[in-house]
Amino acid sequence: MNRILKKLFSNVTSLVGIILLAFFIVIAVFAPVITPPLSDDHYQIPRMSWDVNPQPPGSPMSDNMKQAYEFMEKEVKWKKAICGTAEGGYDIFYGLIWGTRTAFKIGIITVTISMLIGIILGSISAYFGGWIDEVLMRITDIFLSFPFLVAAMVLTTVLGRGLDKVMIALISFGWMGYARLIRGSILSTKEETYVMAAKALGVNDTKIIWKHLLPNTIFPVMVQGSMNIGSMVIMAAALSFLGVGAPVGYADWGQMVSFARNWIIGSPGNAGQYWYAVFYPGIFIVLFVLSWNLIGDTLRDILDPRLRGEL
Amino acid sequence: MKNNKKILLEIKDLKTYFFTEEGVVKAVDGVDFKVYEGETLGIVGESGCGKSVTAFSIMRLLDYPGKTIGGEIIFKEKDILKKSETEMRHIRGKEIAMIFQEPMTALNPVLTIGFQISESLRMHFNLNKEEASKKAIKLLTKVGIPVPEQRVNEYPHQLSGGMRQRAMIAMALSCDPNLLIADEPTTALDVTIQAQILELMKSLLRDFNGSLIMITHDLGVIAEIADRIAVMYAGKIVEYADKKTIFKNPSHPYTFGLLTSIPRLDMEMKRLNVIPGIVPNPLHFPEGCKFNTRCKFATEKCREKEPDLTALTEEHLVRCWHVDKVIQEAKKIF
């Protein structure tokens, strides 16, 4: 464990990843301090004005908006849109901060659950073999045959809008890779003598899978998982961008890019007029995904004995 | 020879075949033997003659494509082959335990020695973690591992080959099994360690009331430890007798060949004998006696019909048409 941490901190790329990740963790943890929520649903991005056009960074909250919040007896702690507002007056800064929490939620929950499903199905399939393997792997193949984004879109459309629905869709079509990966490594590991030795001692199948096989086979899956956290966030953002993801006004980076859809090219003669509308959420997505990928890469270097030069 | 000992394990006409794509490999083809309580049976034979497959068949540990298709394995008066998988799990480790050939690969690299020893204790006797760990330390002391309190928490890669084999023995003995099967326990070790492990096994055997099946291709090991010996060739027992008879009166040409191919201090031998050829491919065994292609006593009869395992005396069984000739030849040497 110490060796892993040491490696993580000594490598420049992983260090960059860790710093980025730490930055996002701090933002997610201190979100209520950085931007105190104005509505009861904390993930609802507050509006700074009713303007359709995005407003540039630093523009103040409009008077009728202030009155509205005073009427609702909410104390407005910040009066300026630091990063500007998106279409419809949504505050970009607020969305970025609370969107970090959304990103972590999506990434970690979807990856953890799909990893669990994949590990359970894959290890059962590989360990018992025979018709169990055949059935489980054909089911996996069926799921794999759907194009991921299309399948997820259809499922969210059917289930309705909302972050939980997005996650269900991402999990439903995201577990197969893990199942295949763990199946492959268990198929080779279960031929090891120590598995035979454990059986010869009367250890039952569950314990053999859990105590003997998984600790020897789980690392590639964990590496895959840490890299997938980033891509799950991108997928969720894509769904939101396409309008089947988070509900309108929900603090989600994908949704914020979607708000900017009509404003990516500014007015004639001033193409970069609304740069802030797409730049801020875009850069957050990029950095978030990058941080996980860098960490995943380093984890692979550390955990893969072939790359480590020990085998 | 009279024998009043109780039979612990009796194998009758055991057949274990491997159903491969090229054809059926008859790895074990009609093996019979008995293991008496408190005795050691040595199974000797070349690589690929079916020794280990016999052991795995007794434990019922063979997976597809291997399958035991016939015979009986009577352990404590019950047929193991008729037991359910759950019943089998209670027998494995608790009543029949096994020591594997390579201690390097037979220990799980990610689990501590202590965990692996106490695992079966916890399975079979519902001991809690602390009790099991105490017992593990005791077992490690018994098999002669120094500083056992420290070693229980170490991983296999921190131990030397000999130590690992000692740990394997501790694992196998943890539940006081009635029958211990040792599958070439000393083959992967270097000679000095081999001697130590054998010495250890012998001393443990004295305390251990069960029986031992020692599988090896090393006649020296057998001479040290076994009471009775079964010589296997090409999936069949070719000679079965007590140790003295085998070493003094070998009556099968294969046993004879094996004994004359090792240097012996108690005898004058000018030249070591060699058994020509190799074990025949199990997919294409020769007609008749399977040893006929390599046997210097072979005649037309050997190539036509396979002999049965016949009793010379009550406890000495041989599978050969030309026992008399072999005995005569053996008398000249031994």
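## Contacts along chain B

In chain B, 66% of the contacts between residues at least 6 apart in sequence join residues at least 24 apart. Two residues are in contact if their C-beta atoms, placed from the backbone, lie within 7 Å. This is a predicted model: local features need pLDDT of at least 70, side-chain atom pairs count only at pLDDT 80 or more, and totals for chains, interfaces and linings use all residues. Residues are numbered from 1 along each chain as its sequence is written, while chains are lettered from A and ligands numbered from 1 in the order in which they are written.

## Overall form of chain B

Chain B has 12 helices and 12 strands. Its radius of gyration is 21 Å, close to the 20 Å of the globule rule for 334 residues, so chain B is as compact as a globular protein of that length. The radius is taken over C-alpha atoms, and the rule is 2.2 Å times the number of residues to the power 0.38. Helices (H or I, at least four residues) and strands (E, at least two) are DSSP runs, numbered from the N terminus.

The C-alpha atoms of chain B fill a box of roughly 65 × 45 × 45 Å along the principal axes. Of its 334 residues, 46% count as buried. A residue is buried if 20 or more other C-beta atoms lie within 10 Å of its own, exposed if 12 or fewer, and partly exposed in between; C-beta atoms are placed from the backbone.

## Strand S9 of chain B

S9(B) spans residues 228-233, and six of its six residues are buried. B:Arg228, B:Ala230 and B:Met232 point one way. B:Ile229, B:Val231 and B:Tyr233 point the other way. In a regular strand the side chains alternate between the two faces of the sheet.

S9(B) has strand partners. Strand S3 (residues 40-44) of chain B runs parallel to S9(B), joined by four bridges. Here B:Leu41 has B:Arg228 as its bridge partner. Strand S10 (residues 236-242) of chain B pairs with S9(B) in the antiparallel sense, over six bridges. Strands pair if DSSP finds at least two bridges between them. B:Ile229 stands opposite B:Ala241 in S10(B). Two residues lie between S9(B) and S10(B) in their hairpin, where B:Ala234 takes a positive phi near 50 degrees.

## Helix H8 of chain A

H8(A) covers residues 163-172, and seven of its 10 residues are buried. Among them are A:Leu163, A:Val166 and A:Ile171. Their cover includes helix H5 (92-128), helix H7 (148-159) and helix H12 (219-241) of chain A.
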